[in-house]
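Please have the sequence and the coordinates open while reading.

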Amino acid sequence: MDVTSRYDLTTLPGVLNVVKAGQSVNFGSVGSLTFGQSVDLVASALGGEVGFEVVSGSASVVNGKLVANSGTGSVVVRASSPGNANFNPASTEQTITLAKAPLGIDFPGSSAVLTYGDTFEIGAIPTGAGGIQYELVNSADSTKILIDGGNATALSGTGKVQIRATTSGNNNYEAASAIIEIELAKPIVYPAIAQPNALRFGQSFSFDSNDPRELILELADPSDSSKISISGGVIQALSGTGTVQVRETRVGNDKYIESSRLFSIELEKLPQLVNVSPYIDLAYDQTKSLGASVTGAGSVSYELVNAADASKVS
């Protein structure tokens with residue numbers, strides 16, 4: 001049945017309101033972030049590009065990356081979409097935990113060998129901020145090495161010691177420690193340069209006693225004992241003729257190595273004087289003793305200086 005044949009059509013005016021839709025921001029989870037590191041912030045929304053900002057905490061957003069400026073606490077980051085013709089603005093927040101960075105300790109330039117008596121700067125350097133403290137791994141090694149601040153001095157020339165460098169860290173770095181092993185070495189010490197090249201009969205020579213090692217002197221040829229005597233660190237010429245060889249040995253110990261050398265000594269005669277009265281009054285047919293003496297050993301013989309005087313004296 002056609003209703004228009006029985007009813008009139010009536011049109012009524014009305015208003016239809018079209019509103020923007022709500023939206024949500026999908027913000028990828030970060031979880032935690034270590035000091036000094038950065039992470040890409042990833043978020044999406046239907047209403048346009050998403051921007052990021054730090055609401056609280058020690059961090060910054062640089063070119064879409066979140067950079068941790070501290071290793072302690074947490075950061076609240078907001079991801080926001082401004083919306084568009086179809087979607088309202090929207091935002092969401094995420095709390096990110098900040099973590100301390102691991103800290104390393106380097107020993108640049110540190111010698112692995114330290115000679116007795118020498119001192120060197122341990123020179124440990126942390127890869128981040130923080131002071132360094134030093135200690136012996138084995139406290140019994142305090143007789144072998146002395147640690148004074150950042151310097152180590154060898155008290156022995158034998159063995160190995162380990163030194164631990166420790167840093168307590170700070171708000172940005174974890175505490176850390178590292179160990180360096182030092183080998184202790186004996187210095188190369190040569191015998192004293194002073195030595196006798198020659199000795200006159202009866203003369204003696206005493207060797208330098210400043211060397212801390214035990215001194216041993218001995219004849220290279222034992223048969224030379226009639227020419228030279230050795231007592232402790234003193235040698236004495238018993239003859240004025242010939243050449244002898246002496247071996248000087250400095251005995252090694254826990255601080256110094258042993259060293260030895262062989263040197264020659266030329267034996268020389270002592271000069272001597274003949275004492276005689278320069279003038280003798282002698283009457284004709286009179287006899288007198290000349291009475292000459294010598295300062296050393298040996299007999300005295302006489303002769304006329306002028307052979308022509310043989311007719312005057314005999």
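Leaving aside neighbours within four places in sequence, L66 is in contact (heavy atoms within 4.5 Å) with L33, Q37, S38, V39, L41, V54, A59, S60, V61, V77 and I96. The model is predicted: local features need pLDDT of at least 70, side-chain atom pairs count only at pLDDT 80 or more, and totals for chains, interfaces and linings use all residues. Residues are numbered from 1 along each chain as its sequence is written, and side-chain values use heavy atoms, with hydrogens and water left out.

**Residue L66**
- L66 is found in strand β7, residues 65–68; strands are DSSP runs (E, at least two residues) and helices are DSSP runs (H or I, at least four), numbered from the N terminus.
- L66 counts as buried because its relative accessibility is 1%; buried means under 20% relative accessible area, exposed over 50%, and partly exposed in between (1.4 Å probe, protein chains only).
- The C-alpha atoms of L66 and F52 are 9.0 Å apart in space, and the two residues are 14 apart in sequence.

- S81 lies in strand β8, residues 74–81, and is buried, with a relative accessible area of 1%.
- Not counting residues up to four places away in sequence, S81 touches Q23, V25, A45, G47, G48, E49, V50, P89 and A90.
- R213 sits in the loop between β20 (204–206) and β21 (214–219), and with a relative accessible area of 3% R213 is buried.
- The side chains of R213 and S259 are joined by a polar contact of 2.9 Å; the term covers a pair of N or O atoms within 3.5 Å, where within protein one must be able to donate a hydrogen and the other to accept it, and residues adjacent in sequence count only if both atoms are side-chain atoms.

**A four-stranded sheet**
- An open sheet with mixed pairing has four strands in the order β11-β18-β17-β14; two strands pair if DSSP finds at least two bridges between them.
- Its edge strands, β11 (113–115) and β14 (133–136), each pair on one side only.
- On average, neighbouring strands of this sheet are turned by 35° against each other, direction ignored; the axes are lines fitted to C-alpha atoms.
- β14 and β17 (residues 160–167) run antiparallel and are joined by four bridges, and Y134 stands opposite A165 in β17.

**Nonpolar cores**
- The largest nonpolar core has 18 residues, and those with the most contacts inside it are F107, L114, I122, I145, I163 and I182; such a core is a set of buried Ala, Val, Leu, Ile, Met, Phe, Trp, Tyr and Cys residues joined through side-chain atoms within 4.5 Å.
- β14, β16 (151–154), β17 and β18 (176–185) each supply at least two residues of this core, and β18 gives the most, with four.
- F107 touches I122, G123, A124, A165, A178, I179 and I180, not counting residues up to four places away in sequence.
- Another core, of 15 residues, lies apart from the largest one and includes V30, A68, V75 and A90.

**Whole protein**
- The secondary structure comes to zero helices and 27 strands.
- Of the 314 residues, 27% count as buried.
- Among contacts with a separation of 6 or more, 58% are between residues 24 or more positions apart.
- The protein exposes about 19700 Å², of which carbon and sulfur atoms supply 50%; these areas come from the Shrake-Rupley method with a 1.4 Å probe.

Methods
Axes are lines fitted to C-alpha atoms, for helices over the stretch in contact, and angles run from 0 to 180 degrees between N-to-C directions.
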